[in-house]
Amino acid sequence: MDEKLHEPVFADIRENWSWVRPGLEEIIEEDPFLDVLPEDVYTACKTENAHLWVTDAGFVVTTGLTDPYTNKRTLLIWFAWAKQKGRNIAAECVGFFEQAAYDAGFSFLEVRTRHEQLGSYIESSVGWKRETVIYRRDIRNG
């Protein structure tokens, strides 16, 4: 039986870079549409445009988005990485991030993924709803 996951803790990117960077590299390598470098995430955290959260099982990087028409804020789970795949760690942490988003005045909590199984899981198990799917065609490169 798996142990209960500890709640995420706000962390300094500099102090955790040695193990966070390889996780970011893994995520970025798996998604050819992510046009970001690990160093971009580092800079966003250092300038407080993003926040690193760590647990004994992995890390999450969040950032805030503002709708330009309504001014409503969304807390985006920008990156999430787990040491052990397949444990449904995201489901164990969702309550924490919902509360953190609420406490900070955000209206929404959002996650984006290319992994259909994660989308199916969060829709059926943790009460999220799909609002949109993005398909993109690069007209400059064929």
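The legends below describe close-up views of a predicted model.

**Figure 1. Overall fold of the predicted model.** The protein has four helices and five strands. Read from the N terminus, the elements run β-α-α-β-β-β-α-β-α. Among the helices are α1 (13–30) and α2 (38–46). Strand β1 covers residues 9–11, and strand β2 covers residues 50–55.

**Figure 2. The aromatic pair of F10 and W53.** Nine aromatic pairs are found in a search of the whole structure. In this one, the ring centres of F10 and W53 lie 5.7 Å apart. Their planes meet at 70°, which is over the 60 degrees required, so the pair is edge-to-face. F10 belongs to strand β1 and W53 to strand β2, so the pair ties together parts that are 43 residues apart in sequence. Are the two partners buried or exposed? F10 is exposed, with a relative accessible area of 52%. W53 is buried, with a relative accessible area of 17%. The cut-offs explain the two labels: exposed means over 50%, and buried means under 20%.

**Figure 3. The aromatic pair of F96 and F97, and the cluster around it.** F96 and F97 form an edge-to-face pair. The distance is 5.0 Å centre to centre, and the angle between the planes is 90°. F96 counts as buried, at 18% relative accessibility. F97 also counts as buried, at 2% relative accessibility. Which residues do ring pairs link into a cluster with F96 and F97? The cluster takes in F10 and W53 as well.

**Figure 4. A lysine over a tryptophan ring.** K83 lies over the face of W19. The distance from the ring centre is 5.3 Å.

**Figure 5. The second largest pocket.** The volume of this pocket is about 160 Å³. Its lining holds 13 residues. Which of them lie nearest the centre of the pocket? They are H51, T62, G64, L75 and F106. The largest share, three residues, comes from β3. By residue class, the lining divides into six nonpolar, five polar and two charged.

**Figure 6. The side chain of T55 and the backbone of A57.** T55 sits in strand β2. With a relative accessible area of 13%, T55 is buried. A polar atom of the T55 side chain lies 2.9 Å from the backbone nitrogen of A57. The cut-off for a polar contact is 3.5 Å.

**Figure 7. The side chain of D31 and the backbone of F33.** Where does D31 lie? D31 is in the loop between α1 and α2. With a relative accessible area of 15%, D31 is buried. A polar atom of the D31 side chain lies 2.9 Å from the backbone nitrogen of F33.

Technical notes: Residues numbered from 1 in each chain as written. Predicted model: local features only at pLDDT ≥ 70, side-chain atom pairs only at ≥ 80, totals over all residues. Heavy atoms only, no water. Phe/Tyr/Trp six-rings, centres within 6.5 Å; stacked < 30°, edge-to-face > 60°. Helix = DSSP H or I, 4+ residues; strand = E, 2+ residues; numbered from the N terminus. Buried < 20%, exposed > 50% of the residue type's maximum accessible area, 1.4 Å probe, protein only. Lys NZ or Arg CZ within 6 Å of the ring centre and 35° of its normal. 1 Å grid on protein atoms, 1.4 Å probe; cavity = no way out; pocket = protein on both sides within 12 Å on 5 of 7 lines; lining within 4 Å. Points joined across faces, edges and corners; volume = space filled by probe spheres on them. Nonpolar A, V, L, I, M, F, W, Y, C, P; charged D, E, K, R; others polar. Polar contact = N/O pair within 3.5 Å; in protein donor to acceptor, adjacent residues only side chain to side chain.
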